[in-house]
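Please find below a short note on the structure, arranged as numbered points. Each point takes up one residue or one element.

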Amino acid sequence: MKCDLNDMLYFVYAVDHQSYTSAAKALGVSKSLLSRRIAALEEALGVRLLQRSTRRFNVTDIGVKFAEQCRLTVQQAQIAEDLVSNALAYPSGRLRIAAPVMMTEEFMAPIVCRFIQKYPEVEIELLAINHEVDLTAEGIDIAIRPEPLPLRNSSLHLKPLSIDHQILVCSPSYIDHYGLPNQIADLQRHATIIKKSDDNNRQWRLINLHKEKVTLNVTPCLITNNMRAVIHAAVAGIGITCLPRIACADAITAGKLVHILPEWTSEPHSIHAVYESKRGQTLLFKTFMDYLSQSLNELRFMQKA
């Protein structure tokens, strides 16, 4: 066989990213190495696959057709490798995982660390990213997301991991100064803190244990797009806020925040994982997903206790 499989992979990444620099970054190799390997591939084939200059990056006609076949070859090689991995009794290999910053800090980092301690042969790259990642272009194996989004790419799968609620919290100092709300309607007379959302909604939609729903119009004294800033402001006694239970559990346990009106929460929302279908075949992937789901549900159970 004239073509090296890694060279084919480098070529596919270059075509998909339309840039040596972006492709090299996604692969975790140097730009010079990627350039040399693609040049070696062209020499082995005896054809020009790419037309490149300082300003332009074009794929030749034969390059476009060759890239299509390369993708199939790389995918088949991955499937063959997965079969071997599944035959092993012990997870090994590499996973690249992306999660929102708050989720990374609050629970993904501890869970990943425990997983590595349990399976020391694995390598995990954990990325704290708030934007919606492109799994294929950015080389992400698993993306953790707080709410379901439409899957525009048919090659992607979605796996629910856990259910979380937002709860009402404030600091003991706030209660000392302004008193404790006795009923849900009282919140409209209190200072509130809001995490900025895409629609800039200044409403809290809550549901109680009897499935009664209410929509509250609140006037915030602080609006921020950073979850840690919301928690910091609440602990400082700025006002009452509505936070994911999983985000404020430690502050509640430490006595820095108080869970108020506990019969009221937000509508439940799912924490879920998105991944490419072909990634769901390895033993490492399956073991990590099971471990993550179990850890999140254990954490949810502890928070309710």
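Leaving aside its neighbours within four places in sequence, with which residues is Thr60 in contact?

1. Basis of the note. This is a predicted model, in which local features need pLDDT of at least 70 and side-chain atom pairs count only at pLDDT 80 or more, while totals for chains, interfaces and linings use all residues. Residues are numbered from 1 along each chain as its sequence is written, and side-chain values use heavy atoms, with hydrogens and water left out.

2. Surroundings of Thr60. The residues in question are Arg48, Leu49, Leu50 and Gln51, where contact means heavy atoms within 4.5 Å. Thr60 itself lies in the loop between S2 and helix H4 (61–87); helices (H or I, at least four residues) and strands (E, at least two) are DSSP runs, numbered from the N terminus. The side chain of Thr60 reaches the backbone oxygen of Arg48 at 2.9 Å. This is a polar contact, that is, a pair of N or O atoms within 3.5 Å; within protein, one must be able to donate a hydrogen and the other to accept it, and residues adjacent in sequence count only if both atoms are side-chain atoms.

3. Burial of Thr60. With a relative accessible area of 15%, Thr60 is buried. The term buried stands for under 20% relative accessible area, exposed for over 50%, and partly exposed for values in between (1.4 Å probe, protein chains only).

4. The buried face of H2. Helix H2 spans residues 20–27, and its Tyr20, Ala23, Ala24 and Ala26 are buried. Seen down the axis of H2, these residues fall within an arc of 160°, so they line one face of the helix; the arc is that of the directions from the helix axis to the C-beta atoms. The partners against which they pack are helices H1 (5–17), H3 (31–45) and H6 (135–138), together with strands S1 (50–52) and S2 (57–59).

5. The ends of H2. Just after H2, Gly28 takes a positive phi of about 75°.

6. Arg245. This residue is placed in helix H9 (residues 245–253). Arg245 is buried, its relative accessible area being 14%. Although Arg245 and Gln166 are 79 residues apart along the chain, their C-alpha atoms are separated by 5.5 Å.
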